[in-house]
Amino acid sequence: MTTVILVVMCLVVGALELYAGKQSKDQARAFVRRIDELNDQVTKQNNVLVTVGEQLTAELARVKRDTLPALDSRLRSHAEQVEELATLVHRADDYLRTQAGRLHDLEQQRITLAALRRKLAEVETSVRSFTRAGAAAVESKVDTALDRLVDLERNGEEILELQRTLTRTLEEVEDVVAELLRFTEGELDGSVSAALTGRPRPAADDAAAVRATGRLWTRDGPLQDILTEMYERCVRASRLDIRFRASEGSGEAAPGTSERRRYFLAGQHVEDLIGAFTALLISTGADLPRNGNDRPHPSALARVEPGRSLPPGVEPARPPEDEAALKALLRTLFESNGAVAQIGPLMAVRTRDELLCAVLTPPQSLELESDEVFWDPAAAGLRLRRLPSHQLWDLTAWAAIP
């Protein structure tokens with residue numbers, strides 16, 4: 001009788017093992033198929049978004065270059081593109097909801113696998129209680145089944161992490177498309193109003209046009225949030241508005257570094273910014289000691305050093321908001337091992353050894369952008385060293401002073 005029971009139990013365990021193996025193989029194939037489908041869908045979505053972005057850039061350039069000629073046909077074309085972008089955003093929302101449902105299904109499958117594992121553990125316990133003969137073979141089979149279940153659970157966790165990464169990427173793409181859509185709708189509304197009323201666009205709308213660009217990148221990822229806050233504070237203090245922001249080449253960034261951020265700014269002409277930033281850097285550079293002296297440059301404003309008493313009724317002078325914001329940004333850059341910050345003509349580069357600032361002319365900015373050195377602090381520092389002395393400020397010693 002005992003032999004019959006053992007044989008029956010062995011058959012049951014073998015059947016369970018075959019069933020679990022078949023289920024695991026089917027689920028693994030289903031997981032692979034799902035991942036392939038998701039990769040194909042993401043590739044297609046990215047290609048469509050890149051194509052639409054290029055079309056939008058070309059259309060915006062034509063709108064700025066040509067105002068009234070063929071206005072009706074251009075408006076219809078822009079309206080169709082806005083509808084396509086809205087359709088893409090809605091599709092992205094639907095896709096995110098679908099991914100959320102799939103993540104829920106994967107969680108349910110993990111729960112089912114955990115229950116099956118507990119059931120096999122119970123079977124193993126019951127088999128050991130009945131007999132010790134042939135226990136080694138049965139235990140090896142059960143252990144193999146448990147190892148397979150552990151592998152399946154590990155693969156499920158990797159798939160969940162991949163799904164979360166894909167969801168975050170789609171959310172970032174959606175944010176960029178939404179900002180471009182808002183910018184395009186604002187430009188089209190202004191052009192349509194000016195064309196229908198027969199009046200030129202008001203000065204407020206002209207001031208909202210993009211007149212300068214900005215860049216921000218740091219080699220130290222943990223400093224990204226603080227550096228971004230200081231950068232945008234300096235932009236606002238310079239009487240500039242951020243029309244929209246985007247990320248460039250974030251997928252190619254090295255581990256531990258921040259994403260490359262591109263800003264499109266409005267509110268000031270480049271010529272005005274050149275004079276303002278030059279004055280601010282002259283004021284900042286005047287704080288540097290000369291020839292080993294602790295006294296500032298004669299052209300610097302008189303300041304009261306900390307710890308020294310003030311005459312009765314005299315309060316210490318506070319620096320202007322734009323000067324304070326620029327100095328805060330430069331000191332934050334100095335805390336990094338490598339960073340690049342650009343606000344229109346202002347270029348600040350932090351290499352491992354020095355902190356350089358320069359005010360560039362439009363041709364110089366175009367040359368640096370053509371040579372693609374904006375995102376490389378070492379290369380950008382070498383190029384800034386070639387500028388005339390009146391355009392370059394070495395603020396390494398200034399930033400090192402507490």
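**View 1. Helices α6 and α7 cross in a right-handed way.** Right-handed here means the near helix is turned clockwise from the far one by less than a right angle. This is a predicted model, where local features need pLDDT of at least 70 and side-chain atom pairs count only at pLDDT 80 or more, while totals for chains, interfaces and linings use all residues. Residues are numbered from 1 along each chain as its sequence is written, and side-chain values use heavy atoms, leaving out hydrogens and water. Helix α6 covers residues 270–285 and packs on α7 at about 65°, with the axes 10 Å apart. That makes α6 roughly perpendicular to α7 (65 to 115 degrees). Look for Leu280, Leu281, Ser283 and Thr284 in α6, in contact with Asp322, Glu323, Leu326 and Lys327 in α7 (heavy atoms within 4.5 Å).

**View 2. Helix α5 also packs against α7.** Here the angle is about 155°, and the axes of α5 (residues 224–237) and α7 are 8 Å apart. So α5 runs roughly antiparallel to α7 (over 145 degrees). Among the α5 residues that meet α7 are Met230, Tyr231 and Cys234.

**View 3. The largest nonpolar core has 34 residues.** A nonpolar core is a set of buried Ala, Val, Leu, Ile, Met, Phe, Trp, Tyr and Cys residues joined through side-chain atoms within 4.5 Å; buried means under 20% relative accessible area (1.4 Å probe, protein chains only). Helix α7, residues 321–334, gives the most to this core, with seven residues. Leu333 is one of those with the most contacts inside the core, and its neighbours include Leu227, Ala339 and Leu355.

How values were computed: Buried means under 20% relative accessible area, exposed over 50%, partly exposed in between (1.4 Å probe, protein chains only). Helices (H or I, at least four residues) and strands (E, at least two) are DSSP runs, numbered from the N terminus. Axes are lines fitted to C-alpha atoms, for helices over the stretch in contact, and angles run from 0 to 180 degrees between N-to-C directions. Angles under 35 degrees count as roughly parallel, over 145 as roughly antiparallel, 65 to 115 as roughly perpendicular and the rest as oblique. Lists of a residue's contacts leave out its neighbours within four places in sequence.
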